[in-house]
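Hi,

Here is the structure I said I'd pass along.

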Amino acid sequence: MVRVSSSSSGRGDTSSGSGLSVWDLAVVEARGKRQERAQNATQHSGDSDKAPREATLIFVGPRSAGKTTLLQRFLDREEVPRHTLALEYTYGRKTGRTLVKDVCHLWEVGGSGEGLNRGGGATHPLLSPPLTPRSLPSLTVVLLVDLSRPRALWKNLMTTLRQVKEAVNKAVERSPGAKERLEALAALRVTSAVTKGPILEGDSVGDGGDDGDDGRGEVDPFPVPLVLMGGKYDIFQDFQPEEKKLICRALRYVAHTNGATLQFFSAKDPGLVKKAKELLGHFAFGTAESRSLSQDYNKPLIIPAGSDSLEAICQGEKHDLQSWGRALETRYVPEEGEEDGEREGGGGGGIPEDPARDPTYAEHDVDNLRAQKDEELERIRREVGRSSTRWAELDLP
């Protein structure tokens with residue numbers, strides 16, 4: 001035990017005869033800890049692998065395509081999905097190789113029956129908040145299409161794809177130097193799949209592959225990584241074979257010419273849920289990319305960016321974007337109410353007339369303040385009404 005005695009300097013001397021007081025020992029220990037922390041910081045400052053990763057994923061698509069369900073499966077949440085009214089934000093975290101957790105920002109843009117905007121008009125304003133100079137280098141767009149609604153599929157896909165591309169291009173223009181960097185990365189995405197080696201996991205591969213004309217000259221890569229996710233495959237798998245073949249070929253053409261990944265998804269199929277989580281995890285947290293490939297229209301499509309070819313898609317026929325659109329619109333003539341998600345038995349609607357009063361979107365604190373403001377508004381209305389009545393009763397010349 002250390003005994004402290006008084007001295008003229010106000011410090012205590014130890015009985016051990018070492019000449020250091022308790023305070024001197026504390027100062028020495030604190031300096032040692034500071035030096036140790038400084039050395040660790042110097043060693044880790046140049047280690048990029050130990051820096052936290054930050055990525056952004058934006059989920060877009062028509063109403064009831066399954067955006068919320070896909071996002072919840074990715075985050076392992078068991079909540080009951082509810083309609084996204086405008087723009088919702090959440091995040092995911094995952095521990096990497098160090099104790100520092102990587103972060104992925106997840107944005108979901110609520111859709112209407114015709115993509116993002118009901119009129120198919122200008123760029124959707126809700127796309128602006130996620131598209132920042134900081135998010136562009138690590139941004140991925142996940143575009144869902146509803147495979148169970150073939151009559152509205154093509155129009156929804158084209159409208160949403162155009163709006164998102166316009167929004168991304170505007171954000172790129174506002175970021176100096178971003179265009180050149182993103183173009184280089186886009187070219188790398190399109191060409192890298194060819195040189196990645198054999199396909200693993202034994203998934204089925206359709207005709208074509210890397211032989212012959214891959215149509216590289218017709219590819220106009222999307223500015224950032226793009227994932228086309230076909231939702232509700234559990235319904236789509238029961239379509240007639242010719243219907244599935246036409247839709248799959250059209251989607252493969254769109255994905256290939258945009259340098260996008262194409263994958264089908266169903267929340268009712270554990271295997272497809274696992275594949276979707278692997279794909280999103282690759283873009284969100286940099287996990288290993290799946291080497292699966294499935295081009296058979298009788299099975300769920302899994303086609304990584306750059307691994308398809310026009311020869312395999314068109315099978316010797318001459319096709320472009322317009323011809324695929326005409327083929328789908330000729331076979332599936334839109335019915336009245338179809339484009340607004342109101343098909344019979346489809347359940348595409350369901351958005352409340354006044355979400356502020358819907359219990360699904362209840363927020364205790366916000367609702368209490370809203371009730372107070374409603375009472376104040378009603379009181380002001382009564383006072384104005386009484387004043388108007390008094391003025392009306394006056395016999396003014």
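Predicted model: local features only at pLDDT ≥ 70, side-chain atom pairs only at ≥ 80, totals over all residues.

**Aromatic pairs and the rest**

Residues are numbered from 1 along each chain as its sequence is written, and side-chain values use heavy atoms, with hydrogens and water left out.

The whole structure has seven aromatic pairs (Phe, Tyr or six-membered Trp rings with centres within 6.5 Å; planes under 30 degrees apart are stacked, over 60 edge-to-face, the rest tilted). In one of them, Tyr 233 and Phe 236 have ring centres 6.1 Å apart and planes at 50 degrees, so they are tilted. Both Tyr 233 and Phe 236 are buried. Trp 324 pairs with Tyr 253: centres 6.3 Å apart, planes at 45 degrees, so tilted too. Tyr 253 sits in helix H6 and Trp 324 in helix H9 (residues 321–331), so this pair ties together parts 71 residues apart in sequence. Helices are DSSP runs of H or I, at least four residues, numbered from the N terminus. Tyr 253 is buried at 5% relative accessibility.

Also in helix H6 (residues 241–257) is Arg 252, which counts as buried at 7%. Leaving out residues up to four places away in sequence, Arg 252 touches Leu 262, Gln 295, Leu 301, Ile 303, Asp 308, Ala 312 and Ile 313 (contact means heavy atoms within 4.5 Å).

Cheers

Technical notes: Helix = DSSP H or I, 4+ residues; strand = E, 2+ residues; numbered from the N terminus. Buried < 20%, exposed > 50% of the residue type's maximum accessible area, 1.4 Å probe, protein only.
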